[in-house]
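Me: Could you walk me through this structure, one question at a time?
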Amino acid sequence: MSSARWQKLLSREFYDRDPRRVCRELLGKVLVRKERSQVLAARIVEVEAYLGEDDPAAHSFAGRTLRNAVLFGPPGYAYVYFIYGNHYCLNVSCLPDGVAGGILFRALEPLAGVEKMARSRNVTINSARDLRKLTSGPGRLAEAFCITRERDNGKDLTSPRADLFIADDGYRVPHVLTTARIGITKAAALPLRYLIAGNEFVSGTKIRNLPVAS
DNA sequence: GAGGAGATCGTCT
DNA sequence: GACGATCTCCTCT
């Protein structure tokens, strides 16, 4: 598959807004990793909004530290953190420089470079279920895209020179669903998780994917 | 298929 | 020293 269709990058202004708004519009866009001759691409099907210093569940809630500095910086930059001793998670910063806010990537639908993703994840693809395991979950998608803090934290996702970026291929999302965020204990009831309704690559169980009142 | 527990280590207090 | 925006394996139903 040609990578020409993923050349239209999202601008810095796209991210310079409320994370809830950016979340809705980020669904359906394409995360792209370019390596020498290889292109990895996957559609964004599930994200979560973290609102900054007013959101108890956000890393930025306790204020700026060395670790979360990217969240307080300009919009459109990758914030990558390591968690549970095993996993990296990818976020993108939102809102203007000096105001904290970000979006966690929770699940993707693979479009190109599936074999490479499977090698990175150390899995073999024998069924649709195996394919789903590639990128459905924050830790899984980071591993599939070889995303690490050392390599990608602080990277400008709006730069044409970046090897990691987000593109718009014109895909229109049929229906967006909103649910509570996953894996957190503080402010857990807020409907800040956004997903493409009915998409097979969304993470979590059926119960988790039921909409909540907003 | 659902639920529970362990692994494992960076970050913050 | 405690905790965590997770994943996988194992057991039970």
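Reply: Happy to! A salt bridge here means a side-chain nitrogen of Lys or Arg within 4 Å of a carboxyl oxygen of Asp or Glu. Please keep in mind that this is a predicted model. With that rule, one network of salt bridges links Arg33, Glu35, Lys116, Arg151, Asp152, Lys155 and Asp163.

Me: How many salt bridges does the rule give?
Reply: Side chains of opposite charge can pair when their charged atoms come close. Applying the rule, the count of salt bridges comes to 18.

Me: How many residues apart in sequence are the parts tied together by glutamate 35 and arginine 151?
Reply: These two side chains form a salt bridge, 3.2 Å from N to O. Glutamate 35 belongs to strand E1 (residues 30-35) and arginine 151 to helix H7 (residues 149-152), so the pair ties together parts whose separation in sequence is 116 residues.

Me: Is glutamate 46 buried or exposed?
Reply: Glutamate 46 has a salt bridge with arginine 106, at 2.8 Å from N to O. That pair ties strand E2 to strand E5, 60 residues apart in sequence. Arginine 106 is buried, with a relative accessible area of 7%. Residues count as buried under 20%, and glutamate 46 has a relative accessible area of 0%, so glutamate 46 is buried.

Me: Where in the chain do aspartate 55 and arginine 181 lie?
Reply: Their side chains meet in a salt bridge of 2.7 Å, N to O, and both residues are buried. The pair links distant parts of the chain, 126 residues apart: aspartate 55 is in the loop between E2 and helix H3 (69-72), and arginine 181 is in the loop between strand E7 (176-179) and E8.

Me: Why do the buried residues of helix H2 line one face?
Reply: Helix H2 (residues 19-26) has Pro19, Val22, Cys23 and Leu26 as its buried residues. Looking down the axis of H2, they line one face because they fall within an arc of 105 degrees.

Me: Which residue caps the N-terminal end of H2?
Reply: At the other end, just after H2, glycine 28 has a positive phi of about 95 degrees. For the N-terminal end, look for a side-chain oxygen 2.8 Å from the backbone nitrogen of arginine 20; the residue that supplies this oxygen is aspartate 18.

Me: Now to the DNA. Which element gives the largest share of the surface near DNA strand C?
Reply: The surface near DNA strand C divides into nine nonpolar, seven polar and three charged residues. Strand E3 (78-83), strand E4 (87-93), strand E5 (102-112) and helix H6 (138-144) each supply at least two residues of it. The largest share, three residues, is that of H6.

Me: How far is the side chain of tyrosine 81 from a base nitrogen of DNA strand C?
Reply: Tyr81 is among the residues that come nearest to DNA strand C, along with His87, Asn91, Arg140 and Gly183. Between an N or O atom in the tyrosine 81 side chain and the base nitrogen, the distance is 2.8 Å.

Me: What share of the atoms of DNA strand B within 4 Å of the protein do sugar and phosphate account for?
Reply: Around DNA strand B are Thr65, Arg67, Phe82, Tyr84, Gly85, Asn86 and Arg149. Sugar and phosphate make up, among the atoms of DNA strand B within 4 Å of the protein, 73%.

Me: Which residue has a backbone N or O atom 2.3 Å from a base oxygen of DNA strand B?
Reply: A polar side-chain atom of asparagine 86 is 3.2 Å from a base nitrogen of DNA strand B, but the contact you ask about is to a base oxygen and uses the backbone of tyrosine 84.

Key:
Residues are numbered from 1 along each chain as its sequence is written. Chains are lettered from A and ligands numbered from 1 in the order in which they are written. This is a predicted model: local features need pLDDT of at least 70, side-chain atom pairs count only at pLDDT 80 or more; totals for chains, interfaces and linings use all residues. Side-chain values use heavy atoms; hydrogens and water are left out. A residue is near a molecule or strand if one of its heavy atoms lies within 4 Å of it. A polar contact is a pair of N or O atoms within 3.5 Å; within protein, one must be able to donate a hydrogen and the other to accept it, and residues adjacent in sequence count only if both atoms are side-chain atoms. Helices (H or I, at least four residues) and strands (E, at least two) are DSSP runs, numbered from the N terminus. Ala, Val, Leu, Ile, Met, Phe, Trp, Tyr, Cys and Pro count as nonpolar, Asp, Glu, Lys and Arg as charged, and the others, Gly among them, as polar. Buried means under 20% relative accessible area, exposed over 50%, partly exposed in between (1.4 Å probe, protein chains only). The arc is that of the directions from the helix axis to the C-beta atoms.
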